[in-house]
Amino acid sequence: MSTVINCIAIIGKQNNPLFIKNFSNTHPDLKYHYIAHTSIDVIEERVASGVRNLDQYLGLLYAMEDLAVYGYQTNTKVKFVVIVSVTDGVIRDTDMKMIFQQIHQAYATHVCNPFFNADSQTMTLSSAGFLRSIESIGTTIPIIN
């Protein structure tokens with residue numbers, strides 16, 4: 001049985017949403033905006049708990065209804081949130097780490113563009129290459145339980 005990725009969210013270091021992609025047909029976009037914003041609190045709580053870990057992967061943040069929310073924070077305090085639908089079973093951390101590393105690679109490639117202004121108030125992640133990368137991560141990577 002495979003679990004599908006419902007949403008990928010990227011949240012800036014000032015807790016502003018940079019990118020939210022909904023892959024689900026069953027839930028509205030607003031629900032994923034809400035989940036992404038509530039996950040910020042959980043991520044900040046885990047980071048502020050004082051446990052210093054070299055691993056940027058934060059693991060399962062929380063589960064609600066039929067969704068599981070996983071988190072990752074970069075060295076620059078940019079947060080990645082992946083929301084997956086869960087029916088049965090447990091998702092392996094190695095699978096989620098691989099997904100987050102691919103998202104991080106796509107993000108890093110995008111922001112390394114010399115014409116990208118990371119300090120802009122209206123910063124969006126909208127390059128064609130970045131959108132293709134996220135689309136392929138969200139639709140082609142199965143998570144095996």
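Trainee: Which strands does helix α2 lie across, and at about what angle does it run to β6?
Mentor: This is a predicted model. In it, helix α2, residues 93–111, lies across β2, β3, β4, β5 and β6. Its direction is at about 135° to β6.

Trainee: And helix α1, what does that lie across?
Mentor: Helix α1, residues 29–48, lies across β2, β3, β4, β5 and β6. The angle given for α1 is taken to β4, and comes to about 130°.

Trainee: In what order do the strands of the sheet stand?
Mentor: The order is β3-β2-β6-β5-β4, five strands in an open sheet with antiparallel pairing. The edges are β3 (17–22) and β4 (57–64); each has a single partner strand, so one side of each is left without a neighbour in the sheet. From one strand to the next, the twist averages 15°.

Trainee: How many bridges join β5 to β6?
Mentor: Seven bridges join them, with β5 covering residues 67–73 and β6 residues 79–85. These two strands run antiparallel. Within that pairing, Ala 68 is opposite Val 84 of β6.

Trainee: What about β2, how many bridges does that have to β6?
Mentor: There are six bridges between β2 and β6, again in antiparallel fashion. On its other pairing, β2 is joined to β3 by five bridges, also antiparallel.

Trainee: How many residues lie between β2 and β3 in their hairpin?
Mentor: Five residues lie between them. In that turn, Asn 15 has a positive phi of about 65°.

Trainee: Is β2 mostly covered or mostly open?
Mentor: Mostly covered: seven of its seven residues are buried.

Trainee: Back to α1. Which of its residues are buried?
Mentor: They are Lys 31, Tyr 32, Ile 35, Ala 36, Ser 39, Ile 40 and Ile 43. The cover over these residues includes β2, β3, β4, β5 and β6.

Trainee: What length does α1 reach?
Mentor: From its first C-alpha to its last, α1 reaches 29 Å over 20 residues. That is close to the 28 Å expected at 1.5 Å a residue.

Trainee: Are the two partners buried or exposed?
Mentor: They fall on opposite sides of the cut-offs. Lys 31 has a relative accessible area of 18% and therefore counts as buried, given that buried means under 20%. Glu 65, at 67%, is exposed, since exposed means over 50%.

Trainee: How many salt bridges does the count come to?
Mentor: The count comes to three salt bridges. One of them joins the side chains of Lys 21 and Glu 135, at 3.3 Å from N to O. Lys 21 lies in strand β3 and Glu 135 in helix α3 (residues 128–140), so this pair ties together parts that are 114 residues apart in sequence. Lys 21 is partly exposed at 26% relative accessible area, and Glu 135 is partly exposed at 32%.

Trainee: And what does Arg 92 form a salt bridge with?
Mentor: With Asp 95, where the closest N and O atoms are 3.0 Å apart. Arg 92 counts as partly exposed at 48% relative accessibility, whereas Asp 95 counts as buried at 12%.

Trainee: Let us turn to the whole chain. What pattern does it follow along the sequence?
Mentor: Read along the sequence, the pattern is β-β-β-α-β-β-β-α-α-β. The chain has three helices and seven strands.

Trainee: What share of its residues count as buried?
Mentor: Of 145 residues, 43% count as buried. The accessible surface comes to about 8100 Å², and 54% of this belongs to carbon and sulfur atoms.

Trainee: Last one: what share of the contacts comes from residues 24 or more positions apart?
Mentor: Among contacts with a separation of 6 or more, such residues account for 55%.

Methods. Residues numbered from 1 in each chain as written. Predicted model: local features only at pLDDT ≥ 70, side-chain atom pairs only at ≥ 80, totals over all residues. Heavy atoms only, no water. Pairing = 2+ DSSP bridges. Helix = DSSP H or I, 4+ residues; strand = E, 2+ residues; numbered from the N terminus. Axes fitted to C-alpha atoms, helices over the stretch in contact; angles between N-to-C directions. Contact = heavy atoms within 4.5 Å. Buried < 20%, exposed > 50% of the residue type's maximum accessible area, 1.4 Å probe, protein only. Areas by Shrake-Rupley, 256 points an atom, 1.4 Å probe, with all protein chains shown as cover. Salt bridge = Lys/Arg side-chain N within 4 Å of Asp/Glu carboxyl O. Expected span 1.5 Å × (residues − 1).
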